[in-house]
Amino acid sequence: LEARLGVRHVLLHLIAATTDGKLDAAKCATFVAQEELRGIPERSLLLTDLLATVDVDTQVEPTAAAAAGGGGGGGVGAGSSGGKKVDRRSNLVSLIGELLQRGVVSEVDAKSYLDADLLALCGVVHSEKQFALNVRRARTRLLFKQEKYNLLREETEGYAKLVTELTMAE
């Protein structure tokens, strides 16, 4: 468990350094794609979870974060690199693109856990609105579709018991 948390911590700092512009996205993806890191159980899922976490952090405006936190910066990768403006969101998009291209993160995991707007920016989905609509339809089907049973064919014991209970009630 401690080793898994250590790996998670290292990967989180690599992603944060990449989004802050301190590390190139291609170099980060090359490091994560190394043979030594292939043995991590559910590596794609772990990385997707970390990317989603950092994505939430990149959506916060730097001025709003500085005003709310007093400029201390307590979040993941909250610091800025010197005086130049860093577009953390575009750095994250390029990192996700590199990870997808190298096969480190599976497209299925990315579609399952990342936001539709981020997927559209990465080029994984063509239309953010259409993808969100398809996801909503799929979830609705999964959650609200009623299962239909043919009691005569599939559940003969249950149907026989129901008939018995109805006739014995008198």
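Is Arg-102 buried, exposed or partly exposed? Arg-102 counts as partly exposed, because its relative accessibility is 37%; buried means under 20% relative accessible area, exposed over 50%, and partly exposed in between (1.4 Å probe, protein chains only). The side chain of Arg-102 meets that of Glu-98 in a salt bridge, at 3.1 Å from N to O.

The structure is a predicted model, in which local features need pLDDT of at least 70 and side-chain atom pairs count only at pLDDT 80 or more, while totals for chains, interfaces and linings use all residues. Residues are numbered from 1 along each chain as its sequence is written, and side-chain values use heavy atoms, with hydrogens and water left out.

The structure holds seven salt bridges, a salt bridge being a side-chain nitrogen of Lys or Arg within 4 Å of a carboxyl oxygen of Asp or Glu. One of them joins Arg-8 to Asp-49, with the closest N and O atoms 2.7 Å apart. This pair links distant parts of the chain, since Arg-8 belongs to helix α1 (residues 2–19) and Asp-49 to helix α3 (residues 43–58), 41 residues apart. Helices are DSSP runs (H or I, at least four residues), numbered from the N terminus. Arg-8 is partly exposed at 29% relative accessibility, and Asp-49 is partly exposed at 35%.

A further salt bridge brings together the side chains of Asp-20 and Arg-88 (2.9 Å, N to O). Asp-20 lies in the loop between α1 and α2 (25–32) and Arg-88 in helix α5, so the pair ties together parts that are 68 residues apart in sequence. Both Asp-20 and Arg-88 are buried. Salt bridges with shared partners join Asp-20, Asp-57 and Arg-88 into one network.

Helix α5 (residues 88–101) also contains Arg-89, which is buried with a relative accessible area of 15%. Leaving aside neighbours within four places in sequence, Arg-89 is in contact (heavy atoms within 4.5 Å) with Asp-55, Thr-58, Gln-59, Asp-117, Leu-118 and Leu-121.

Tyr-113, in helix α6 (residues 107–113), is partly exposed, with a relative accessible area of 48%. Not counting residues up to four places away in sequence, Tyr-113 touches Leu-45, Thr-48 and Ala-52. Tyr-113 and Ala-52 are 61 residues apart in sequence, yet 6.9 Å apart in space, C-alpha to C-alpha.

Lys-145 is found in the loop between α8 (128–144) and α9 (156–168), and counts as exposed at 62% relative accessibility.

Methods: Helix = DSSP H or I, 4+ residues; strand = E, 2+ residues; numbered from the N terminus.
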